[in-house]
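Look at the structure shown here and follow the explanation below. It takes one site at a time.

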Amino acid sequence: MSDPRVDSDAAEAQDQTEDTPEVEPIPEPEGDTEIIETDFEIGQDNFAKSWTLSFDIHQVVFTWSALAILAFIILTLALQDEVAPIFTAMRDWLTTNLDWFFLLSGNIFVLLCLGLIVSPLGKIRLGGPDATPDYGYMGWFSMLFAAGMGIGLMFFGVSEPMSHYASSMGGISVGEDGLRTDWAPLGGAEGDQAASERLGMAATIFHWGLHPWGIYAVVALALALFSYNKGLPLTLRSAFYPIFGDRVWGWPGHIIDILAVFATIFGLATSLGIGAQQASAGFDYLFGFGATDFGMVVLIILITAAALASIVRGLDGGVKVLSEVNIALAALLLVFIIAVGPTWDIFTGYFANLGAYAVNLPALSMPFAREDSNFVSGWTAFYWAWWISWSPFVGMFIARVSRGRTVREFLFAVLIVPTLLSVLWMTALGGTAISQVVNDGFTGAQDAALELQLFAMLGELPLASITSFVGIVLVLVFFITSSDSGSLVIDTIAAGGKINAPVVQRVFWAIVEGLVAIALLLGGGLIALQAMAVSTGLPFTIVLLVACYAIVRGLLNEPR
Amino acid sequence: MYRKILVPVDLGHLDVLQKALATAGDLAKHHGIPVIYVGVTGTVPDAVARTPQEFARKLHDLAAAEAERHGITATAHPLTSPDPSADLSRVLRRAVRELGADLVVMASHPPSPLDWLMPSQGGSVAEHSEASVFIVR
């Protein structure tokens, strides 16, 4: 700045910004970070026509993922009977034969995160030493929780504890070939009600606790670090810079990003379709209508429309607000269940379950020499593959909203807090349902179809019609918050890591998601394609293991 | 007549902004009033700048160059938004209000049938801002 007038005015402008805190000034200097020197220019491979009406997309990633999505939909719809068995067989083969790999990798992710919390590397701040967080704790936490767990909490909160409880009570049964045919976790607890309850809760918490959040945390931390501290674009391939160097801007990177778009859109679309079936079953149960194709299509359209409104309003005005509404509603339902359900049992159960989780964790997470093979491949490995296939989407979204946090703070909020809350949620919902069976002899929830178990359980509590309604609204809102953040993430990846691409592009992705869900719902193939999406868990497990290495290298290279 | 001009600039599209920059420079010189160049960047690395500091530096350089070229007083006011494509016009309107500008000079594309798909930022600022808005085609 050679002109003195500019200098003085710049100082004046600084003063002004101090007087007007609402206009958020650029956080000037953010302190030292290790900016990676690369010749790559963000957006250099993008197709951006003119300023007046420009689409800003990464040519290769956008084109190939769009083509792949189209091809898979046509394939699934046209050759349903042929491809459906292939997709499900692929998933089953992976979770049966590579269960040890998923479990082992999951343990590595959790150990790395726990290690970083206590290590001196935890002090490093994402975005540089002087960076300030973009969001307050409440908004930040709401967003990461709403994107990360979402709908599963609604459907599995009641059914999974009950299922493990029942199989534990049943004990071990061995088939003629000497393999166990039961689904009980570990050795089960035949006939022992209290022990079965604890074991069932420990197994459930295992699937919803440290491990899924460790998986998300690894992806999110790698992306946040390489983007905010190293200056690389916010897209999955950036985490591979330490391995591939400048080659990540070529095909190795393209493939990673295409795979991420693919897994995200099919993961979201199939969940949307299956979720619409479940939600409409809930509508039918409560109000006696809705369980028709028409009803489900209307539901998908409504969910997509709400997600559209949210993404057009942006992160602050839409996604954050909706996530906060979501969490507030969930908290309301939780508090209600705790208050009118078996309050004391839930309270004591919380600590007992947390203890059971801690005690059983080593055995449950053991990758090798497991006797409970049905439980390991049918439950645990399936969950791990599922969480991992979701991790590009959730991880990238978490990274997007986590600038300005230290690594320790970040891991505490992404790993520890959600785990503690999941324990509470599972204890309240599952514990209440189990107590209905054990203490009241009510087996309605146990006998109900999976998607109705929550409502059957609520039906036994006071104000059932109100809470059931809150429950169904919550199901829908959880969907909307997954759909809107997913569309943001896909758009960013398909734009080569640019977040300022025209809004119409994210609208495009949200609509594609809804259309894919409707096509598969009407034409069949939801389950098959979900199996396909879960199968992407395998390549992403390798991606995540590499990301672990990249995180450690990247953190060590940061100035301290 | 006017006290302060605010010029929103998109550092990624300076080529199409030249006419707006020249217009703002002329007006500022004619009225002898200062110009504030406002730029909005996301928090993640972008083609224009890989860190918010780099963005701020580039915007300050632009202000300095414009001050030199037109012989006016110019300042830069870089802003961040977590989601610039959705927030841009809102962030700009707030900046106009809080920086006390009473004239906004900004470039915008000519009206097009596709505006419903991609509304113009200039139109949005003009519609909602209390300052006078000079849209440069």
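Is Thr270(A) buried or exposed in this predicted model? Thr270(A) has a relative accessible area of 0%. Buried means under 20% relative accessible area, so Thr270(A) counts as buried. To find this residue, look in helix α10 of chain A, which covers residues 251-287.

What surrounds Thr270(A)? Apart from its neighbours within four places in sequence, Thr270(A) is in contact with Leu520(A), Leu526(A), Leu529(A) and Gln530(A). Another residue to look at is Ala533(A), which is 263 residues away from Thr270(A) along the chain, while the C-alpha atoms of the two are separated by 8.6 Å. The side chain of Thr270(A) also has a polar atom 3.3 Å from the backbone oxygen of Gly267(A).

Thr292(A) is found in the loop between α10 and α11 of chain A. With a relative accessible area of 43%, Thr292(A) is partly exposed. Its side chain reaches the backbone nitrogen of Gly295(A) at 3.0 Å. Thr292(A) and Met90(A) are 202 residues apart in sequence, and their C-alpha atoms are 31 Å apart in space.

Next, turn to a pair of helices. Helix α4 of chain A, residues 99-118, packs with helix α8 of chain A, residues 210-229, at an angle of about 70°, and their axes are 8 Å apart. Angles of 65 to 115 degrees count as roughly perpendicular, and α4(A) and α8(A) are therefore described as roughly perpendicular to each other. Their crossing is left-handed.

Which residues meet where α4(A) and α8(A) pack? From α4(A) come Gly106(A), Asn107(A), Phe109(A), Val110(A), Leu112(A), Cys113(A) and Leu116(A). In α8(A) they meet Leu210(A), His211(A), Gly214(A), Ile215(A), Ala217(A), Val218(A) and Leu221(A). Sorted by class, this contact has 10 nonpolar residues, 4 polar residues and no charged residues.

Helix α8 of chain A also holds Asn229(A). Asn229(A) is buried, because its relative accessible area is 0% and the cut-off for buried is under 20%. What does the side chain of Asn229(A) reach? Another is the backbone nitrogen of Gly127(A), which the side chain of Asn229(A) reaches at 2.7 Å.

Technical notes
Residues are numbered from 1 along each chain as its sequence is written. Chains are lettered from A and ligands numbered from 1 in the order in which they are written. This is a predicted model: local features need pLDDT of at least 70, side-chain atom pairs count only at pLDDT 80 or more; totals for chains, interfaces and linings use all residues. Side-chain values use heavy atoms; hydrogens and water are left out. Axes are lines fitted to C-alpha atoms, for helices over the stretch in contact, and angles run from 0 to 180 degrees between N-to-C directions. Helices (H or I, at least four residues) and strands (E, at least two) are DSSP runs, numbered from the N terminus. Angles under 35 degrees count as roughly parallel, over 145 as roughly antiparallel, 65 to 115 as roughly perpendicular and the rest as oblique. A crossing is left-handed if the near helix is turned anticlockwise from the far one by less than a right angle, and right-handed if clockwise. Contact means heavy atoms within 4.5 Å. Ala, Val, Leu, Ile, Met, Phe, Trp, Tyr, Cys and Pro count as nonpolar, Asp, Glu, Lys and Arg as charged, and the others, Gly among them, as polar. Buried means under 20% relative accessible area, exposed over 50%, partly exposed in between (1.4 Å probe, protein chains only). A polar contact is a pair of N or O atoms within 3.5 Å; within protein, one must be able to donate a hydrogen and the other to accept it, and residues adjacent in sequence count only if both atoms are side-chain atoms.
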